[in-house]
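Please keep the sequence and the model at hand while working through them.

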Amino acid sequence: CIRDRFSILKRVSGLPNGLNLIAPHRAFVREGNLDMKQIDSTKNKKQKSAPFIIFLFSDLLLVCRKGNWKIQKRYVCDVVISLHETEIKSISEDRPGFRVVVGKKNLAYTFYTVDEQSRDEWVQEILRLLKVLQKSAATSIEDAPKDEDLQTKIQIRLIAGRDVIPCIYSMANVYVEFSIGSHPPVRSSVKMQCRFNPEWDEIFILQVDNPLHQLLNLKVKDGKSTTLLGSTEISLCNLYDYVEKVRWYKLESSDRGELLLGLTVGPYFNPPANGEKTDADPAKHVDYCVKICPRTPVS
């Protein structure tokens, strides 16, 4: 969720320069309180385990410790573990856990969980992410596509309308206009002589500069007179990457009227050509994103 990534960014200090947690290609998966100790095979040194808060993303583990009263933010970044060229395995020593081995750096990180069920959930989740990264052209968390390709976009699927005409005895030529911020608006086709429930099934792509604060503005207008029939604003911060949210949105500026929309956010959407539908499946772009990162309970 977009809100989750911004929330972590606000809570954590000491992040390495250049690490962008809210980059659209990086998906947040889960977080939890785990004990961790680090093993450096080159120095044959071991650390005692200590409590940390762990944030799992689609290509990295962010390990943080609690901040002190001098630090404004709640957590301080201790280490960032790339999941590229990384191995993971379950362990059962004095307590259940799992070990993450970073090949090139000869480092191993051991994480201890509260029980075996929690360990299995973490291991299965990380193994799923590793499987996706194996198909990726990226070799490290620094690898990234072009800046313009990482621009967050929203795909809007305009499906249908309900009771959008204010008078049941009149008909109108209805179209819908979408806009975000200062970007040029896009408009749907005009449904001629519409009385009640128009159907479109059209798809539009809009650029989003700040998905946490910007709103999607939509207006339903009469095609002949451009009279405003209804409008509303939709928050984007509760949308999940590549997970379409389909629901009815009430037109707030009128007594009646709703629009059925399917909204999806992500960096990878091909602009529609000649009214053709776009493909929102990020499987084609597996290099820099995970298809769907389901929400999992905090252990």
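1. In this predicted model, Glu-85 has a relative accessibility of 47%, so this residue counts as partly exposed. Glu-85 belongs to the loop that runs between strand 6 (75–82) and strand 7 (86–92). Its backbone deserves attention: phi is positive, at about 55 degrees, although Glu-85 is not a glycine.

2. A positive phi also occurs at Asp-201, where the angle is near 55 degrees and the residue is again something other than glycine. Asp-201 is located in strand 14. With a relative accessibility of 37%, Asp-201 counts as partly exposed.

3. How many disulfides does a search of the whole structure find? The search returns 0. For Cys-64, the nearest cysteine sulfur is that of Cys-77, 5.1 Å away, and Cys-64 is in no disulfide. Cys-77 is likewise in no disulfide, its nearest cysteine sulfur being that of Cys-64.

4. The largest nonpolar core contains 28 residues. Those touching the most other members are Ile-154, Val-174, Phe-178, Leu-216, Leu-259, Leu-261 and Leu-263. Several strands give two or more residues to this core, including strand 10 (153–162), strand 11 (172–179), strand 15 (215–222) and strand 18 (258–266). Another core, of 24 residues, lies apart from it; among its members are Ile-54, Val-63, Val-79 and Leu-129. As a general matter, nonpolar side chains in soluble globular proteins tend to be buried together.

5. Which residues does Leu-216 contact, once its neighbours within four places in sequence are left aside? Among them are Ile-154, Ile-156, Phe-178, Leu-206, Ile-234 and Leu-263. The list also includes Ser-179, Thr-232 and Glu-233.

6. Ile-234, one of the contacts of Leu-216, lies in strand 16. Is Ile-234 buried or exposed? Its relative accessibility is 5%, so Ile-234 counts as buried. Leaving aside neighbours within four places in sequence, Ile-234 is in contact with Leu-215, Leu-216, Leu-218, Tyr-249, Leu-261 and Leu-263.

Notes: Residues are numbered from 1 along each chain as its sequence is written. This is a predicted model: local features need pLDDT of at least 70, side-chain atom pairs count only at pLDDT 80 or more; totals for chains, interfaces and linings use all residues. Side-chain values use heavy atoms; hydrogens and water are left out. A disulfide is a pair of cysteine sulfur atoms within 2.5 Å. A nonpolar core is a set of buried Ala, Val, Leu, Ile, Met, Phe, Trp, Tyr and Cys residues joined through side-chain atoms within 4.5 Å. Buried means under 20% relative accessible area, exposed over 50%, partly exposed in between (1.4 Å probe, protein chains only). Helices (H or I, at least four residues) and strands (E, at least two) are DSSP runs, numbered from the N terminus. Contact means heavy atoms within 4.5 Å.
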